[in-house]
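Biologist: Please show me how to read this model, one feature at a time.

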Amino acid sequence: HESSFGTTGVATTTHSLGNIRYTPGYRNYDGYRFYPTWEAGFEDWYKLISDQYVRQWKLVTVDQIVPVYAPSSDNNDVTAYIQAVESAVDTWRSGTVGV
């Protein structure tokens with residue numbers, strides 16, 4: 001949702017699925033983590049969600065994760081964000097590939 005699934009904004013350059021902010025140990029591009037490939041960006045995003053949000057913080061649903069991942073303090077509409085993610089997941093589960 002952050003970048004319309006990598007089709008807009010800085011993600012088109014950084015290959016960062018979720019526009020993950022730069023942290024030490026990663027290449028920096030305008031304040032975001034930069035990856036050499038989409039595969040590397042996807043792998044790191046899934047690792048972040050799995051390791052930090054689920055295992056460490058025990059957040060396991062979209063409703064629990066989104067307010068932390070994309071807080072309103074960063075000018076996100078948390079309710080709309082949750083609805084967009086749930087809609088995308090429902091679309092994929094139906095067998096329809098769409099963004």
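Biologist: Is Tyr 29 buried, exposed or partly exposed?

Modeller: Tyr 29 has 33% relative accessibility, so the residue counts as partly exposed. Phe 34, at 16%, counts as buried. This is a predicted model, in which local features need pLDDT of at least 70, side-chain atom pairs count only at pLDDT 80 or more, and totals for chains, interfaces and linings use all residues. Residues are numbered from 1 along each chain as its sequence is written, and side-chain values use heavy atoms, leaving out hydrogens and water.

Biologist: How many aromatic pairs does the structure hold?

Modeller: Rings of Phe, Tyr and Trp (its six-membered ring) pair if their centres lie within 6.5 Å; planes under 30 degrees apart are stacked, over 60 edge-to-face, and the rest tilted. By that rule there are 8 aromatic pairs. Tyr 29 and Phe 34 make a tilted one, with 6.5 Å between centres and 40 degrees between planes. Trp 45 and Tyr 69 also have ring centres 6.5 Å apart, but their planes stand at 90 degrees, so this pair is edge-to-face. It joins distant parts of the chain, as Trp 45 is in helix H2 and Tyr 69 in helix H3, 24 residues apart. Helices (H or I, at least four residues) and strands (E, at least two) are DSSP runs numbered from the N terminus. Ring pairs also gather Trp 38, Phe 42, Trp 45, Tyr 46, Tyr 53, Trp 57 and Tyr 69 into a cluster.

Biologist: Which residues have the most contacts inside the largest nonpolar core?

Modeller: A nonpolar core is a set of buried Ala, Val, Leu, Ile, Met, Phe, Trp, Tyr and Cys residues joined through side-chain atoms within 4.5 Å. The largest one here has 15 residues, and Trp 45, Ile 49, Tyr 53, Ile 65 and Tyr 69 have the most contacts inside it. Helices H2 (38-56), H3 (62-69) and H4 (78-93) each give two or more residues, and H2 gives the most, with 4. Leaving aside residues up to four places away in sequence, Ile 49 touches Val 54, Ile 65 and Tyr 69; contact means heavy atoms within 4.5 Å.

Biologist: Why are the buried residues of H4 said to line one face?

Modeller: In H4, Val 78, Tyr 81, Ile 82 and Ala 88 are buried. The buried residues fall within an arc of 130 degrees seen down the axis, so they line one face of H4. Thr 79 and Gln 83, on the other side, are exposed. H3 is included in what covers the buried residues of H4.

Biologist: Where in the chain does His 15 lie?

Modeller: In the loop between helix H1 (11-14) and strand S1 (27-29). Asn 19 is found in that loop too. Most residues other than glycine have a negative phi. His 15, however, has phi near 60 degrees, and Asn 19 has a positive phi of about 45 degrees. His 15 is buried at 17% relative accessibility, and Asn 19 is buried at 14%.

Notes: Buried < 20%, exposed > 50% of the residue type's maximum accessible area, 1.4 Å probe, protein only. Arc of directions from axis to C-beta.
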